[in-house]
Amino acid sequence: MWTRTEPEDQAPAAAPLFGPVGVLPQDDRGGSRRQGGTTVSKAMLEVEKISKHFTLSGQKEPFCVFRDLSLQVREKEYLSVLGHSGCGKSTLLNIIAGIDTANSGHIILNGREVQEPGLDRMVVFQNFALMPWLTVFGNVRLAVRARYPEWSKQQVADWVDKYLDMVGLSGAANKRPWELSGGMRQRAGIARAFSVKPSIMLLDEPFAQIDALTRGVIQDELVRMWEETGITIFMVTHDVDEAILLSDRIMLMSPGPQAKFMDEIEVDIPRPRKRISIIEHPRFYEIRNRIISFLSQKG
Amino acid sequence: MAVPSDTAKGWIWLSLVVLLLFLGVWALFALTSKTFPSPAAVARESWFFLSRPFYDGGPNDKGIAILTAYSLARLCTGFLAGSVVAILLGVILGLNQTLFKALNPYIQMLKAISPIAWMPLLLYSVKDSGWAALLVVFMASLWPTLANTAFGVSNIKADYLNIANILQMKPLTKVCKVILPAAGPTIVAGLKISMGSAWVAIVPAEALLGSLGLGYFVWNEWNNLSLASVIFAILIIGVVGVLIDNLFSRLAGGLAYVD
Ligand SMILES: Nc1ncnc2c1ncn2[C@@H]1O[C@H](COP(=O)(O)OP(=O)(O)O)[C@@H](O)[C@H]1O
Ligand SMILES: [Mg+2]
């Protein structure tokens, strides 16, 4: 296994591991660059110059989704990657998760390169990806058992109950996924992800298939659980308002092919943020307009 | 169709009408042929056999329940062995596209061969009619389950396998907890076809090999020129087949899921 030559604890305190967050010196993105920012903590996930291309049948030139993409996620941070549909967000997330492979580059989690999927990077999928032959309880239990194989049946069951309770699914524990609404299913997906206490949670447009009213409620729940558990979240989304509401920091991805990060925005709107009142915050429209103007540029 | 849809139980009546028509035609045919047994004769014969199901009058003269048990035991043994092999191989092929593609033509070919056609070869190989009959059932059970398992496993949604990998499941856990349940409905559909073809194959196998069972009984009664008994045996074979099929439909219902 390839380990970082420069262990994080040896890095001098004055010089943070990363300079301008998520930016390589040669990467010209324009926009403002923040040195550190207010909530400097060490990078727990580093995406180093990953490239991905698909060789499409009947075409000589491979289709390049992105090239030399880099970013860093700080500990306990909520980082979102925002971009148009089809720009390569899921591809990026899947590579980080280890369920897709990059053509080049490295994913470094807590100082170690990761190549395989693992319990340290739980994914919440847009389409929920619950096992339909299991109940909601069974789905979460499958994850808990995998994470804590030495636990007794009772310990596992209690743990599952605790997390189902956290997302308000106790009443539906014995239902099959198909008997539930999209919102309930995603709650199960979120409970499953939190239940194994991953280092980082990877969310792939987790609210895209949930109706607008439920979406707000689940977003609030997610933020509450994120704050309570101190977990790190990496989310990809195409929803501007969702990104601003939830994130500490937003990376803007240009439309593909060869997508790049065009800008990076610290969302310095204090928490708790409310969906209703956030739009009254003076920073909200500044951030929103900046995002919109970047996203409407041609890649 | 003029089938009335508002009467939920209409099919029962229709079914009875078909049965009566059938019995009527049969009775007429029996009347004209004089040697062919009438429904009443078959009913009397059936009653004779059914009233002494566990009769045991020596190695070649046993009650119908005993004969059925012999056939079922042979069926279950051969079917279980065949299914285990088929599911194991099917999972391996389903997970390995290259191997699947390479072997698929042969599987399709083997699937098309009646298990009875193997009998001479099997008999030549094992030199024992009991084992040969068992192997016929084994062969009959193999191919549909193998083909279905490989197909089902290779078509499992990537999401499920991704989850299994993220949860870092060991290979055996992955097979038991994700692959088999995900492909479960397809596998059971294969098992059902296998069981059907095994039950179809067991009758001629027993008849030709002279292994005690329903097939042997059919042949024996034909040699005795007792057509009524032959018809009775045919009915039993049919009824048992339907019951087995029902069992698998229930199993399929239990494993089914909505995606
Ligand atoms: N397996 C694949 N084969 C070929 N092209 C793919 C494949 N997966 C994704 N793509 C292409 O890569 C691009 C990025 O896809 P994706 O990461 O799903 O985008 P997003 O999640 O941002 O909507 C799209 O143009 C898509 O067509
Ligand atoms: Mg996507």
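Helices and strands here are DSSP runs, numbered from the N terminus, and a strand is a run of at least two residues. With that in hand, here's one to start on: Asp68(A) sits in strand E2 of chain A, which covers residues 63–74. Keep in mind that this is a predicted model.

- As a rule, most residues other than glycine have a negative phi, and most peptide bonds are trans.
- Which peptide bond is cis? The one from Arg271(A) to Pro272(A), with omega near -5°.
- You'll find Pro272(A) in the loop that runs between strand E10 (261–266) and helix H7 (282–295) of chain A.

**Around ligand 1**

- Ligand 1 is surrounded by residues of chain A, including Phe54(A), Leu56(A), Phe63(A) and Val65(A).
- From Thr91(A), a polar side-chain atom lies 2.5 Å from an oxygen atom of the ligand.
- Ser90(A) has an N or O atom in its side chain that is 2.7 Å from an oxygen atom of ligand 1.
- With Cys87(A) it's the backbone that takes part: one of its polar backbone atoms is 3.2 Å from a ligand oxygen.

**Helix H4 of chain A and its partners**

- Start with H2(A) (residues 136–147) and H4(A) (residues 182–195): their axes come within 8 Å and cross at roughly 20°.
- Why call this pair roughly parallel? Angles under 35 degrees count as roughly parallel, so H2(A) and H4(A) get that label.
- The crossing of H2(A) past H4(A) is right-handed.
- On the H2(A) side, the contact is made by Val136(A), Asn139(A), Val140(A), Ala143(A) and Val144(A), while H4(A) brings Ala188(A), Ala191(A), Arg192(A) and Ser195(A).
- Sort the residues of that contact by class and you get 6 nonpolar, 2 polar and 1 charged.
- H4(A) also packs with H5(A) (residues 212–229), at an angle of about 10° and with the axes 11 Å apart.
- That angle makes H4(A) and H5(A) roughly parallel too.
- For this contact H4(A) uses Gly183(A), Arg187(A), Ile190(A) and Phe194(A), and among the residues of H5(A) are Val217(A), Ile218(A), Leu222(A), Met225(A) and Trp226(A).
- The class count for the contact of H4(A) with H5(A) is 7 nonpolar, 3 polar and 2 charged.

**Chain B**

- Chain B has 10 helices and 0 strands.
- Its C-alpha trace spans about 70 × 60 × 35 Å along the principal axes.
- One pair to look at is H4(B) (residues 97–112) with H6(B) (residues 129–154), whose axes come within 10 Å and cross at roughly 150°.
- Angles over 145 degrees count as roughly antiparallel, so H4(B) and H6(B) are roughly antiparallel to each other.
- H4(B) passes H6(B) in a left-handed crossing.
- H4(B) makes the contact through Gln97(B), Phe100(B), Ile107(B), Leu110(B) and Lys111(B), and H6(B) through residues including Trp143(B), Pro144(B), Leu146(B) and Phe151(B).
- By class, the contact of H4(B) with H6(B) has 9 nonpolar, 2 polar and 1 charged residues.

Methods. Residues numbered from 1 in each chain as written. Chains lettered and ligands numbered in written order. Predicted model: local features only at pLDDT ≥ 70, side-chain atom pairs only at ≥ 80, totals over all residues. Heavy atoms only, no water. Axes fitted to C-alpha atoms, helices over the stretch in contact; angles between N-to-C directions. Helix = DSSP H or I, 4+ residues; strand = E, 2+ residues; numbered from the N terminus. Parallel < 35°, antiparallel > 145°, perpendicular 65-115°, else oblique. Left-handed = near helix turned anticlockwise from the far one by under 90°. Contact = heavy atoms within 4.5 Å. Nonpolar A, V, L, I, M, F, W, Y, C, P; charged D, E, K, R; others polar. Near = heavy atom within 4 Å. Polar contact = N/O pair within 3.5 Å; in protein donor to acceptor, adjacent residues only side chain to side chain.
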